[in-house]
Amino acid sequence: MKIEINVPERLDEITLEQYQKFEKLNTEENKDTAFLLQKMVQIFCRLDLKDVANIKYKSVQEITMHLNKIFDTKHKLKPTFISNNIEYGFIPVLDEMTLGEYIDLDENLGNWETMHKAMAVLYRPITFKNKSKYIIEKYKGKENWNQMKTMPLDVVFGAMVFFWSLSNELLTITLNYLQSENLTTQQQEHLEQSGVGINQYTTLVREMLPSLIKLPV
């Protein structure tokens, strides 16, 4: 029996939810295993696991190599995208973020399992648009969380790299400040504790940027 396989050609053909499902299985225990290869093909090609088991091993390797290539690309911030016939826009002014928005973003941006919650803060339905300028709706919390699971993965990666670059700039400024000031041990410890969320997020992005998985030799 022939199996029709639809292999994604670009990251925008993969959803955040698909990547979340894969990332949940991408553990140290499953690393470099045939099981992970099967799940990778199943999730990103939208197949039943029993059908994946009937695909030639050589073909599975070719598919995973192809998927690794589309993941191993440069990621840029995308201000807008369309999902389920709704156009979403990136929050125009980060400095005007509310406390509730900041809390939801800070608590979820460093965790793949809850990444859709962070994306719901950053991207919202556009209510008015004039050329490149637009207005987005007010943040509605959990009301829009699940909608973001269908957003394209390239948009997610672009937003993450944007914040990674931003956090690096802030870190450089902080280090320069620390070098110019004589801070007490207590003050330094407070700054380190305040940076825990950023450190976790930076580590996550660094782990995300290389190829998706290493193929077994």
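Along the sequence, the elements of the protein chain run α-α-α-α-β-β-α-α-β-β-α-α-α. That gives nine helices and four strands. The model is a predicted one. Of the 217 residues in the protein chain, 40% are buried. Among contacts in the protein chain between residues at least 6 apart in sequence, 73% join residues at least 24 apart.

**Helices α2 and α4**

Two packed helices are described by the angle between their axes and the distance between the axes. For helix α2 (residues 34-44) and helix α4 (residues 57-71), the angle is about 65° and the axes are 10 Å apart. Angles of 65 to 115 degrees count as roughly perpendicular, and α2 and α4 are therefore roughly perpendicular to each other. Their crossing is left-handed.

Which residues of α2 meet α4? On the α2 side they are Leu37, Met40, Val41 and Phe44. On the α4 side they are Tyr57, Val60, Ile63, Thr64, Leu67, Asn68 and Phe71. By class, the residues of this contact comprise nine nonpolar and two polar, with no charged residue. An α-helix has 3.6 residues a turn, so residues three or four places apart point the same way.

**Helices α5 and α6**

Helix α5 (residues 99-108) and helix α6 (residues 115-122) cross at roughly 145°, and their axes come within 8 Å. This crossing, too, is left-handed. From α5, the contact involves Glu101, Asp104, Leu105 and Asn108. From α6, it involves Met115, Lys117, Ala118, Val121 and Leu122. Here the residues divide into five nonpolar, one polar and three charged.

Is α6 largely enclosed by the rest of the structure or largely open? Seven of its eight residues are buried, so α6 is largely enclosed by the rest of the structure. The buried residues of α6 are Met115, His116, Ala118, Met119, Ala120, Val121 and Leu122. Of these, Met115, Ala118, Val121 and Leu122 also take part in the contact with α5.

**Salt bridges**

How many salt bridges does the structure hold? There are eight. The table lists some of them.

| Salt bridge | N to O distance |
|---|---|
| Asp12 and Arg10 | 3.1 Å |
| Lys50 and Asp51 | 3.7 Å |
| Glu137 and Lys140 | 3.7 Å |

Arg10 and Asp12 also belong to a salt-bridge network, in which they are linked with Glu13. Asp12 is partly exposed, at a relative accessible area of 34%. Arg10 is likewise partly exposed, at 47%.

In the salt bridge of Lys50 with Asp51, the two side chains meet. Residues count as buried under 20% relative accessible area and as exposed over 50%. Lys50, at 57% relative accessibility, is therefore exposed, whereas Asp51, with a relative accessible area of 15%, is buried.

Glu137 and Lys140 form a further salt bridge. Glu137 has 17% relative accessibility and counts as buried.

Notes:
Residues numbered from 1 in each chain as written. Predicted model: local features only at pLDDT ≥ 70, side-chain atom pairs only at ≥ 80, totals over all residues. Heavy atoms only, no water. Axes fitted to C-alpha atoms, helices over the stretch in contact; angles between N-to-C directions. Helix = DSSP H or I, 4+ residues; strand = E, 2+ residues; numbered from the N terminus. Parallel < 35°, antiparallel > 145°, perpendicular 65-115°, else oblique. Left-handed = near helix turned anticlockwise from the far one by under 90°. Contact = heavy atoms within 4.5 Å. Nonpolar A, V, L, I, M, F, W, Y, C, P; charged D, E, K, R; others polar. Salt bridge = Lys/Arg side-chain N within 4 Å of Asp/Glu carboxyl O. Buried < 20%, exposed > 50% of the residue type's maximum accessible area, 1.4 Å probe, protein only.
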